[in-house]
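Here is a friendly walk through a few spots in this protein. Have the sequence and the 3D view at hand as you read.

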Amino acid sequence: MDDLCKFILAAFCKYPFISILKDQSRIMCPRLAINDEKIKKVINDMHPELSKETSAHIVRLFHDEWCKRIDGYENIIFVLYRFAHSTLRMKGNAPVVKFDKLFHWRELVMSLDEDMFVCALLAHNDNYMVNRNDFNWDMVLRSDDVDIGYLQQQGLYELHSHFKATGYNSKVSWLYLMNHIVSRKFFKDAEDGLYDAYIEAVAIRIELFRTYILKISPTPLDKAIRLSTWGENSLLRSTVTGLRRSNNIDYAITDNDPMETEKYSVMRGERRLLYLAMRTAMQNGENADITSYYLYKYLLAKNKIRNFFIQTNEKIGLSNFQSFDRRKEYLFWGNRNYLSLRHDIIYYESMRHHIIYLETRITPSENVKSLDIKAKDCCPGKDQKVNTHLIVHFIKSKEEKLPHLRILNYRCYKVRQNIKRQAFTLVHYLKSDSFKFECPIIGIDAAGNELKASPEVFAQVFRYIRYCCPNIGLTYHAGEDFYDLIDGMRSIDEAILYMQMRHGDRIGHALAAGIDAERFYKERQRNIIIPKQVLIDNIVWFYFHASIADISFPSALDLALKEKFHILARELGYCHEDKGISMDDYYHSMLLRGDNPETLGKQSSEFSSSWRYCDQVKDDNILYNCHKNDNVTLDDCRKDNQVIKLVKTYYYDYDVRVNGEKVEEFHITQEYVNVVKKLQDWMIDKMDEMQLCVECCPTSNFKIGKLGQYDYHPIFRFNTVDSRHQLPVTINTDDQGIFSTSLDVEYALVSLAMQKMKDAEGKPCFSRAQVENWITRIYTNSKKFSMVQLDED
C-alpha cells in the first residue's frame, strides 16, 4: 500500500505537466500517459531515502499489476481504482473510508482530489450494467468506524473553526476556475507551467463535457482539444461563458439533470463528467485510449492547482498557511454566487457530518453597520439546522516599521489603536438593543501569526470587552507558532495572566506545552535561530518559572542563563557596561507588559472611565505574578522606579527595539531540554487547575506544526488515558476548507492514532474500550466547554 501511495502521488500530482506537453511519444500509448524514466526520477526526488532500484521496482509494479485489468488491458486510471478498492467501501449509496486504511487515505487526499478515487471505484464497479445518476456524496468522506459514527449520531460540537477558511473549499475553487477564465497574474506565485496546465484543463473539460454529457462534439476529442485556437484565452472565455448561461455555478450541471434538493449537489456535474470519462477509459472501447490520455492530463492539472489552494507542502508555520488562506479569498472577490455557495457549503457540510453546534470565527469591524452585516451573513438559512454562534477574532498584525527618526510611539502603537476602535465597536454592538440576530456573538479571540504580536498587545482590549460585557466568552490562540518551546509556553502564560483568564476559558492549540521536547530540539540540531529580544525574555521567563514550579536547575545551566541574560541586556541597550540590571527587576517588568503603556508610573486612582479602569492587570492571581521566594505583587512592581524604567525602555527605546530584532543562534543543551519537559508538565497541570480548556485541531497542528505523525499530537499528553494529566481538551477542524477535513474525520484520525500506538515491546498501548472511553470523554468536553453552556451555567 505504501508503494502504491508513492506512485499515485508522483504520477497524479508531482509529475511535471510540461513533460506531457513535450513528450509526443506518449501518444503512441496514451492510456499509460507517463514516461517511465521521468516517473522514476519524480519518485526519487520525493523519496531520497529510496534507492534507484527501489524506484524502478515501483514503476515495474505499476506495469505488472496496478494498471492492469484481469484481461490484461492496461490503463493508468486502473491505478486509482486499485487504491480506491483497498481503502473505500460503499455504505448504501455512499462511499466511506475503511477505518483501518484512514491514514493511507488521508496521506493521498491531502494532495489529491477525493472525487477521482470515488469515480474510479464507481466506474469500475458499474461497468456497462448501471446508469448512475446519484453523485451527491460527502465532499470529505467519513470513515466507517462504529464508535465515531455513534458520536456523530449524538451530534458533534465544533468549537474552533474560522468561517472564511471553512467555506473556501478547493472543489468550489476548481469549479470557479473552470467556469471563469482567470489571468496569468493570479498564478504568479505558482510553479512554472501551472497556468499553461490550467488553460489546457479548461479546454479538456469543455470537450469532455461536449463528448460525454452533451454528446454533440463536432470533432473527435483528440482533434478538438489539440486545436491551436484553444490557446487563445478570449476564445476559451467566450466558449465557457456560452456554456454556463443556463447555470451560474457550473456549466456541467445541465438543465435536464435530476436535481437534488441540497445545494451541496453542486459537485454533481464535475463528478458525472469524471465518472463517464473513466467508464470510457476503462472499457477499452472506441475513444478509450485518447480519453485516458486527456483525462490523465486533466486530473494532473487539477491536482496541481488543488495544491495551490490546499496546504500540502512540507513548510511549517502560520506564514506558510496564510498564503493559502489568501488565495481563495482573492479568487471569489466580488462574485456573489460563489460567496453564497461558500456560505451554504459550510452549513450543508456541517449537517451532513452531524454537527449540531458550531462556534465559528469572524474578524471584527471598525463600525457597527459593517459588523452587523458580517454577523448576519454568517447566519445559517432556515433549512440549515445548525445552532451557530460567532466568536470575533482580532488579528495579530505585525508591528509597524520603525521610523528613521528617533521620534516614535510605543511598540505596536498603530495595531493597538486599531483593535481599540474595533473593541469599542464590538461593545457598542453587544450592548445595543437595536441588533437582534439568530447567530449571536458570544466570544472573543485573537488569531494569526503570534510571532507578529504577543498577548500584551491585546490584553487591555480583552479586559475592557469583558468588563463591559461580563458574559462574553474568551479564547486565545497561543503556543501554536514559536521559535522555541519557551516562547510558546510564555505566550500561553502571558495570555492567562494579561487577559485575566478564568474557569472555562480556552486556549487555542497550546502546542508548545505538550509536544515532545526531545524530538523538537533534535529536529533543529539543538540550535534555535531567534530574535534577541525574544531570547532575553525567554531566558528570564524560563528561569523564574522553573523556580515557581520547584524544578531544580543544574548549576551549569543556572550560570549559563544568568551570564547570557547579562550579555543580552548590554547588547540590546537595557543597561551600560558599568551598570547592570537584575533578573528580578527584568522579570517584574515583564509582568507589567499587560498594562497600558500610556499609564506606566501612574496610580490607578487616576483612572475613571471603563476603558481606563482596564488599563492595568488586576493582581488577583499571585501564582502567575511573582517568584515563589518573592512577596512582590503587581502593585509593588508598579511602585518600583527601576521596574517602571525597564518597562518604558522596552516599549519606547529606539536602540532596544532595533537591537531586539537582530537574530542569533542559541544552542540548546540536554540540561535545558530536561527542564523544558518538566516545565511543560507543570504548565499542563496549572491549566488544568484553573479549568482552562485547550482547543486541539489535529490536522491543522499536523500541517502547521509539522508533528510528523498524529500520535505525536500533544492532545495525548494533555489528557491521558490514565490520571497523570486531565487537562480538558476538545477536537476541532480549525480551517477545514484549507486542510480538506471534517470534524468526524478529525475524531477518527485521533482514535486511529491511539489504536495504533505500541509500547516498547510492540504491543498495543490501549484497548479498543480504552480508546472509546477516552474519545467519549473528549466529546463530552466539547459540550461542557461550549461558550453557550458556560454562559448558562
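## Asn719 and its polar contact

In this predicted model, a polar atom of the Asn719 side chain lies 3.0 Å from the backbone oxygen of Leu727. Asn719 itself belongs to the loop between helix H33 (715-718) and strand S12 (729-731).

Is Asn719 buried or exposed? With a relative accessibility of 2%, Asn719 counts as buried, because the cut-off for buried is under 20%. Leaving aside residues up to four places away in sequence, Asn719 touches His725, Gln726, Leu727, Pro728 and Val729, and also Trp774, Arg777, Ile778 and Asn781.

## Helix H10 and Met178

Let's move on to helix H10, which spans residues 170-179. Here 10 of the 10 residues are buried, so the helix is largely enclosed by the rest of the structure. Among the buried residues are Lys171, Ser173, Trp174, Tyr176 and Asn179.

Which residues does Met178 touch, not counting residues up to four places away in sequence? They are Tyr198, Ala201, Val202, Arg205, Val240, Tyr251 and Tyr298. Ala203 sits 25 residues from Met178 along the chain, and the C-alpha atoms of these two are separated by 9.1 Å.

## Where H8 meets H35

Two packed helices are described by the angle between their axes and the distance between the axes. For helix H8 (residues 146-154) and helix H35 (residues 743-756), the axes come within 10 Å and cross at roughly 145 degrees. The crossing of H8 with H35 is right-handed.

On the H8 side, the contact is made by Ile148, Leu151 and Gln152. H35 contributes Asp744, Tyr747, Ala748 and Ser751. By type, the residues of this contact between H8 and H35 divide into four nonpolar, two polar and one charged.

## Cysteines

A disulfide is a covalent bond between the sulfur atoms of two cysteines. How many disulfides does the structure hold? The count is zero.

Cys469 is one cysteine to look at. The closest cysteine sulfur to that of Cys469 is in Cys468, at 5.9 Å, which is too far for a bond, because a disulfide needs the two sulfur atoms within 2.5 Å. Cys469 is buried, with a relative accessible area of 11%. Cys5 counts as buried too, at 1% relative accessibility.

Methods:
Residues are numbered from 1 along each chain as its sequence is written. This is a predicted model: local features need pLDDT of at least 70, side-chain atom pairs count only at pLDDT 80 or more; totals for chains, interfaces and linings use all residues. Side-chain values use heavy atoms; hydrogens and water are left out. Buried means under 20% relative accessible area, exposed over 50%, partly exposed in between (1.4 Å probe, protein chains only). Helices (H or I, at least four residues) and strands (E, at least two) are DSSP runs, numbered from the N terminus. Contact means heavy atoms within 4.5 Å. Axes are lines fitted to C-alpha atoms, for helices over the stretch in contact, and angles run from 0 to 180 degrees between N-to-C directions. A crossing is left-handed if the near helix is turned anticlockwise from the far one by less than a right angle, and right-handed if clockwise. Ala, Val, Leu, Ile, Met, Phe, Trp, Tyr, Cys and Pro count as nonpolar, Asp, Glu, Lys and Arg as charged, and the others, Gly among them, as polar. A polar contact is a pair of N or O atoms within 3.5 Å; within protein, one must be able to donate a hydrogen and the other to accept it, and residues adjacent in sequence count only if both atoms are side-chain atoms.
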